[in-house]
Amino acid sequence: MSADIDLVRDLLDIRLCDRRGRAIGRVDGVVLRLREGRPPLVAAMEVGVLTLLRRVHPALSRWARAAAARWLPVSLASVRLPLTLFRDVGVDIELDVDADRDRRLLRVEKWLRRHLVQKIPWSGQ
Amino acid sequence: MRAWAACAIALAVLTAGCRREPTLTYAHLLERAASWSASVQFAGELADRGLVPRTYIHDVLATASEEMDSLRNQIAEFDAAPPSARSKDAEMCARLAALLRAGETTGSIPDRIHLRDLEQQLRGDAERLRGSLPQETRR
Amino acid sequence: MKNLLKVGLGILTSIGGFLEVGSLGTALQAGASFRYSLLWSVVVGTICIAFLVEMTGRLAAVSHHTVVDAMRKRFGFPMQAWPLGAQIVVDLLVLASEVGGASLALELATGISIRVWVVPVTLFIWALLWFGTFGTIENGVAVLGLVTLCFVLGAIWLHPDWHAVRAGLLPQLPAADRGEYVYLAVGILGASISPYLVTFYSSGAIEEEWKTSDLMPNRIVAGIGMSFGSVVAMAVVVVAALVLAPRGIRADSYQQAATALSLPFGHWGFRLFCVSLGIGCVGAALELALDVSYIIAQTLGWEWGENKRPAEEARFAIVYTGALLLATLPSLAGIDPLKLTMFSMAVTVLALPFVVGPLIVLMNDKQYLKNHTNGVIGNVAVVTIVVVAFALAALAVPAQLMGS
């Protein structure tokens with residue numbers, strides 16, 4: 001059985017979770033692939049703060065990228081996730097990924113956990 | 001960009017007329033100074049009855065003397081008030097500040113009669129200023 | 001029985017958590033300067049916030065979305081970016097006031113400078129957030145906040161003229177000092193209808209996993225809890241009117257107001273004032289620091305929740321840590337907490353329309369609320385509150401110029 005979803009209403013800005021229910025982020029952008037002589041295809045969801053800032057103003061995204069490259073030990077580059085990873089759609093969209101194992105995902109979260117949070121006793125593992 | 005410019009113009013128009021009458025502002029400064037004198041007197045009455053700790057007396061005297069110094073400067077520099085009134089009121093604030101600092105050094109409330117006298121003079125001046133204003137600005 | 005306990009606890013936490021530096025500071029100034037004539041603004045503010053928290057609680061229980069979550073999905077990030085930015089600024093300012101207020105309570109109690117207390121107070125608040133759970137924070141600190149009922153007892157003991165008190169429940173511009181009157185009215189309304197209360201309440205509803213069966217308890221807690229809480233704020237106005245106003249004490253700083261309870265309670269009065277200020281501020285600081293993390297995490301789709309360990313949600317934990325660090329700066333720089341409070345209340349009302357406005361759409365969206373969308377009363381209430389919010393925002397800057 002198939003169903004339609006509205007790209008803007010039901011995909012853009014929806015929260016994404018991995019197969020264990022961990023939040024990965026939100027669909028900050030949708031990537032369409034243009035094909036010669038054929039209709040465009042929804043190729044991927046884009047997750048990342050730089051994509052988000054670009055929606056407000058492109059200059060914000062450029063400044064944030066430059067500042068991050070200069071000051072942060074972790075890349076803020078957005079991640080593209082193909083729609084083939086869809087598992088379920090409910091309050092959040094569940095994807096067939098494991099956020100802990102996939103190195104592209106939650107880079108800032110993992111860095112902060114490793115270098116700051118876990119240095120404090122009783123902060124959990 | 002046009003929306004921001006419109007908002008900025010609206011804000012400028014809205015705030016253009018929103019300055020307090022200078023005489024009223026000056027009266028408020030005098031009332032604030034009188035209020036601090038009243039606060040210290042009340043703290044003294046409560047301290048006599050053992051209802052507030054000595055640490056609070058130190059604290060209120062220290063804060064009151066700092067505020068009095070600040071108010072004295074604001075009053076002395078208040079261009080809209082006549083120079084003779086300004087210097088008289090600033091001098092009263094200076095005397096109050098000196099009393100409070102002396103109290104802070106000894107750790108006790110200064111002479112309350114003196115404090116009340118200065119308070120009443122400051123309130124009297126504030127009332128006279130209010131009386132000189134149109135009806136709706138008087139208390 | 002379980003529901004009854006839940007409702008009871010909810011009402012207690014609403015009462016205990018109602019008074020904080022904004023509501024205390026504005027109420028003290030209002031009573032000292034204008035006696036009972038600003039009581040109406042406490043009532044209006046309470047009615048507005050009661051409606052707002054009921055709505056956001058309902059949204060969370062039915063849709064399993066917080067207000068921020070639903071705003072991002074419904075309106076998209078570009079529209080949400082500015083209200084989000086405004087609310088973060090407001091939350092940080094009010095958080096700084098609360099940290100300052102709690103530190104000042106310790107200065108009043110011990111005589112040791114506020115600057116010495118700021119760091120330990122902030123560390124204490126941080127530790128409660130880092131190692132505690134939502135339940136401990138929400139229930140524990142708010143129940144301790146019931147100490148603020150001393151203002152109610154004090155007001156009764158002081159035998160106010162109840163006719164004059166009742167007259168203060170209706171708005172009337174005074175003959176003099178109208179600029180200051182409007183300034184204080186805006187401040188009281190800003191303290192009552194704080195945006196953080198709206199977003200924090202809906203986040204709390206998700207933390208506690210509310211369902212549609214919690215809709216009636218939500219309504220009772222929002223209505224009765226907030227009403228009882230506002231009685232405490234009104235009692236502060238009455239106490240200031242009876243103790244400070246007759247002596248010409250204006251309550252321009254907490255040092256001047258600290259003696260407000262000494263007549264009804266003797267030597268306990270001063271201590272009760274310090275404890276009420278301290279606990280009220282710590283409770284609100286916990287909520288505000290969490291709220292900054294909530295709104296950023298929910299907007300960006302991070303893992304969030306006070307019931308999780310910091311290692312499970314590092315970004316969430318680091319954001320409230322950073323917020324607390326920033327909140328120490330004004331007090332360390334020597335800015336008076338009450339002056340900072342009054343300024344932050346004025347800034348709060350500027351952000352209010354952005355947070356409340358989208359509720360007109362959200363609360364009527366069947367995709368989120370199914371059969372529990374707003375009825376006529378709810379819609380009239382939310383539209384009225386949005387109009388009030390815009391009016392307050394328009395008045396905030398002129399009021400600040402004329403009244404401060």
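Two residues are in contact if their C-beta atoms, placed from the backbone, lie within 7 Å. This is a predicted model, in which local features need pLDDT of at least 70 and side-chain atom pairs count only at pLDDT 80 or more, while totals for chains, interfaces and linings use all residues. Residues are numbered from 1 along each chain as its sequence is written, and chains are lettered from A and ligands numbered from 1 in the order in which they are written.

**View 1. The contact between chain A and chain C draws on residues of both chains.** Chain A gives 25 residues to this contact, and chain C gives 21 residues. On the side of chain A that touches chain C, at least two residues come from each of β1 (15-17), β2 (23-26), α2 (49-56) and α4 of chain A; these helices (H or I, at least four residues) and strands (E, at least two) are DSSP runs, numbered from the N terminus. Sorted by class, that side of chain A holds 13 nonpolar, 5 polar and 7 charged residues, where Ala, Val, Leu, Ile, Met, Phe, Trp, Tyr, Cys and Pro count as nonpolar, Asp, Glu, Lys and Arg as charged, and the others, Gly among them, as polar.

**View 2. Chain A is built from both helices and strands.** The chain contains 4 helices and 7 strands, and from the N terminus on they follow one another as α-β-β-β-β-α-α-β-β-β-α. Taken along the principal axes, the C-alpha atoms of chain A fill a box of roughly 55 × 35 × 20 Å. Of the 125 residues in chain A, 26% are buried, a term for residues with 20 or more other C-beta atoms within 10 Å of their own C-beta atom, again placed from the backbone (exposed means 12 or fewer, and partly exposed lies in between). Among the contacts in chain A with a separation of 6 or more, 46% join residues 24 or more positions apart.

**View 3. Three strands of chain A form an open sheet in the order β3-β4-β5.** The pairing in this sheet is antiparallel, and two strands pair if DSSP finds at least two bridges between them. Strands β3 (29-35) and β5 (79-82) of chain A stand at the edges with a single partner strand each, so one side of each is left without a neighbour in the sheet. From one strand to the next, the twist averages 40°; it is an angle from 0 to 180 degrees between N-to-C directions of axes, which are lines fitted to C-alpha atoms, for helices over the stretch in contact. Strand β4 (residues 38-47) of chain A is joined to β5(A) by 4 bridges, and the bridge partner of A:V47 in β5(A) is A:V79.

**View 4. A second open sheet in chain A has 4 strands in the order β2-β1-β7-β6.** Its pairing is mixed, and its edge strands are β2 and β6 of chain A, each of which pairs on one side only. The twist averages 25° from one strand to the next. Strands β1(A) and β2(A) run antiparallel and pair over 3 bridges, with A:R15 opposite A:R26 in β2(A).

**View 5. Helix α8 (residues 150-157) of chain C has four named buried residues, C:C150, C:F151, C:G154 and C:A155.** They lie on the same side of α8(C), because they cover an arc of only 135° around the axis, the arc being that of the directions from the helix axis to the C-beta atoms. These buried residues of α8(C) pack against α12 (215-243), α14 (262-265) and α15 (267-300) of chain C. After α8(C) comes C:H159, whose phi is positive, near 50°. For chain C, the mean pLDDT is 91, and 98% of the residues reach 70 or more.

View 6. Of the 139 residues in chain B, 40% are buried, and 70% of its contacts between residues at least 6 apart in sequence join residues at least 24 apart. For the complex, the predictor gives an ipTM of 0.92 and a pTM of 0.91.

How values were computed
pLDDT = per-residue confidence, 0-100.
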